[in-house]
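Dear colleague,

Please find the structure below, followed by a summary of what was found in it.

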Amino acid sequence: SLEAAWSWSMLWTVPALKYLTVHGLLWVAATAALSWYTVTVHERQAYNRGWADVWYGYGAFGLAIGVAFSGMGFLGAKSTEKKAMALALFGVNVMTLATYVLVLLRLSPTIEGSQSNAVEPARYLEWLATGPVLIQVIADITQSPNNPTAVIAMNYLVTIAAFLGAILPPFPLGNLCSVLSCAGIGYVVTHLVMCFTRAIDCTTTSTVETSALKWLRVSTLVSWTLVPVSALAFHAELVSFTAAEAALAVLDIGAKVFLTLVLVNSTVEHAQNQKVDAITAIAEELETQVNNCDAILEKMMPASVLEQIKNGEATEAQEYESVTVFFSDITNFTVISSRTSTKDMMKTLNMLWLEYDAIAKKWGIYKVETIGDAYLGVAGAPDR
């Protein structure tokens with residue numbers, strides 16, 4: 001349960017962290033093998049990437065921000081649910097950042113694409129590893145009732161189809177794989193958008209702010225949709241290689257870093273709002289208790305004396321030249337009470353004293369006390 005105390009064993013029990021652990025280990029092994037192959041065996045061709053390397057650098061910088069924010073979110077989270085979410089995003093950003101750095105430094109193998117362009121298997125490998133984690137995180141934060149397993153499986157197929165579309169001849173297989181990739185991502189995006197929509201419409205138990213969910217819905221729709229579309233546009237020779245790589249870098253940041261920033265910020269705001277609500281509730285409770293105490297004390301002493309005590313002033317005995325003492329008594333009360341039930345007698349006395357209190361308040365009479373059927377009041381003191 002996410003409500004239990006945080007434990008690293010949750011890496012194997014919480015769905016998003018389980019995906020992160022399994023895919024992360026596989027990604028580390030595969031990436032290390034590819035890097036070793038690149039350094040020792042692979043004959044790296046000096047592909048002219050143009051300005052694409054600049055965008056790889058920008059992408060790495062943006063992802064470094066995502067790593068920092070998700071790390072701070074993990075350290076600052078108070079609940080295990082928030083810690084799990086932040087840790088999952090931290091892992092996603094770390095894997096993506098490492099991939100960008102490896103590609104930028106040419107420490108991963110490069111394959112010649114169908115249009116004599118550089119194709120980086122490491123980037124597709126990274127999306128195979130991070131995509132399932134992101135899908136599960138979105139399902140968790142929106143409290144989606146649907147199991148995302150089918151969507152995650154489709155994400156695998158989309159990534160593989162996109163990779164084949166990049167390396168196979170454009171006609172017919174390359175373009176066919178690219179089209180299939182776009183169609184598959186449509187299924188994935190539809191599911192993710194529906195998750196956000198349900199949470200926004202309050203049909204789930206999501207605790208994320210509605211405004212944050214709306215921003216995430218838009219960014220997810222745009223970034224996840226345009227990744228395969230930009231690749232397809234490049235293969236169709238509608239955009240240049242540099243433009244396609246720039247779009248992929250920006251969309252990567254939108255899919256991962258923006259998600260991290262919004263969720264971490266929403267978590268901080270939610271925690272702050274909880275603290276404010278708790279402080280407000282305590283203040284209201286204290287005010288209620290003070291008012292109750294004042295009401296009790298007002299029945300025990302004059303309001304002017306109570307005010308002096310509350311202000312820390314000394315109360316001294318005072319002399320009055322003229323006061324009026326009011327005393328009332330019910331005739332034959334003993335006989336009447338012997339013929340009446342205790343409940344009815346108390347009800348009658350209560351109604352009578354309420355009427356007396358109203359009259360006393362109207363004419364400025366201070367009620368001293370009631371003793372049985374007797375009512376004692378004074379006018380002209382303590383207020384002259």
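**Domains and conventions**

The C-alpha centres of domain 1 and domain 2 lie 79 Å apart. Domain 1 covers residues 9-280 and domain 2 covers residues 324-379; the bounds come from an automatic or database domain assignment.

The model is predicted, and local features need pLDDT of at least 70, side-chain atom pairs count only at pLDDT 80 or more, and totals for chains, interfaces and linings use all residues. Residues are numbered from 1 along each chain as its sequence is written, and side-chain values use heavy atoms, with hydrogens and water left out.

Helices (H or I, at least four residues) and strands (E, at least two) are DSSP runs, numbered from the N terminus.

**Cavities**

Rolling a probe the size of a water molecule over the atoms shows where empty space is left. Here a cavity is a set of points, on a 1 Å grid over the protein atoms alone, where a 1.4 Å probe fits but cannot get out; lining residues have an atom within 4 Å of a point. Grid points are joined across faces, edges and corners, and a volume is the space filled by probe spheres set on the points.

A search of the whole structure finds two cavities of 30 Å³ or more. The largest cavity has a volume of about 470 Å³. It is lined by 27 residues, and Arg123, Tyr124, Val227, Ala231 and Leu248 are the closest to its centre. Two or more lining residues come from each of strand E2 (118-119), helix H4 (121-141), helix H5 (149-167), helix H6 (170-200), H7 and H8. H7 gives the most, with eight residues. By class, this lining divides into 16 nonpolar, six polar and five charged residues, where Ala, Val, Leu, Ile, Met, Phe, Trp, Tyr, Cys and Pro count as nonpolar, Asp, Glu, Lys and Arg as charged, and the others, Gly among them, as polar.

The second largest cavity has a volume of about 30 Å³. Its lining consists of Tyr56, Thr99, Tyr100, Val103 and Arg123. Helix H3 (residues 80-104) gives the most to this lining, with three residues. Three of the lining residues are nonpolar, one is polar and one is charged.

**The largest pocket**

A pocket, by contrast with a cavity, is an open set of grid points with protein on both sides within 12 Å along at least five of seven lines. The largest pocket has a volume of about 500 Å³. Of the 17 residues that line it, Glu298, Ala360, Ile365, Tyr366 and Lys367 lie nearest its centre. H8, helix H11 (342-363) and strand E4 (365-371) each supply at least two residues of the lining. The largest share, five residues, comes from E4. The lining has nine nonpolar, one polar and seven charged residues.

**Buried helix residues**

Buried means under 20% relative accessible area, exposed over 50%, and partly exposed in between (1.4 Å probe, protein chains only). Contact means heavy atoms within 4.5 Å, and the contacts listed here leave aside neighbours within four places in sequence.

Thr21, in helix H1 (residues 15-40), is buried, with a relative accessible area of 13%. A polar atom of its side chain lies 3.1 Å from the backbone oxygen of Leu11. Thr21 is in contact with Leu11 and Trp12.

Ala233 belongs to helix H7 (residues 210-235) and counts as buried at 16% relative accessibility. Its contacts are Leu238 and Val239. Ala233 and Ala244 are eleven residues apart in sequence and 7.8 Å apart in space, C-alpha to C-alpha.

Val262 sits in helix H8 (residues 241-300) and is buried, with a relative accessible area of 14%. Val262 is in contact with Ala212 and Leu216. The C-alpha atoms of Val262 and Val208 are 9.9 Å apart, and the two residues are 54 apart in sequence.

**Positive phi values**

Most residues other than glycine have a negative phi. Arg106 has a positive phi, near 60 degrees; it is found in the loop between H3 and strand E1 (111-112) and counts as partly exposed at 28% relative accessibility. Asn332 also has a positive phi, near 55 degrees. Asn332 is found in the loop between strand E3 (324-328) and helix H10 (333-338), and counts as exposed at 53% relative accessibility.

With kind regards

Key
A polar contact is a pair of N or O atoms within 3.5 Å; within protein, one must be able to donate a hydrogen and the other to accept it, and residues adjacent in sequence count only if both atoms are side-chain atoms.
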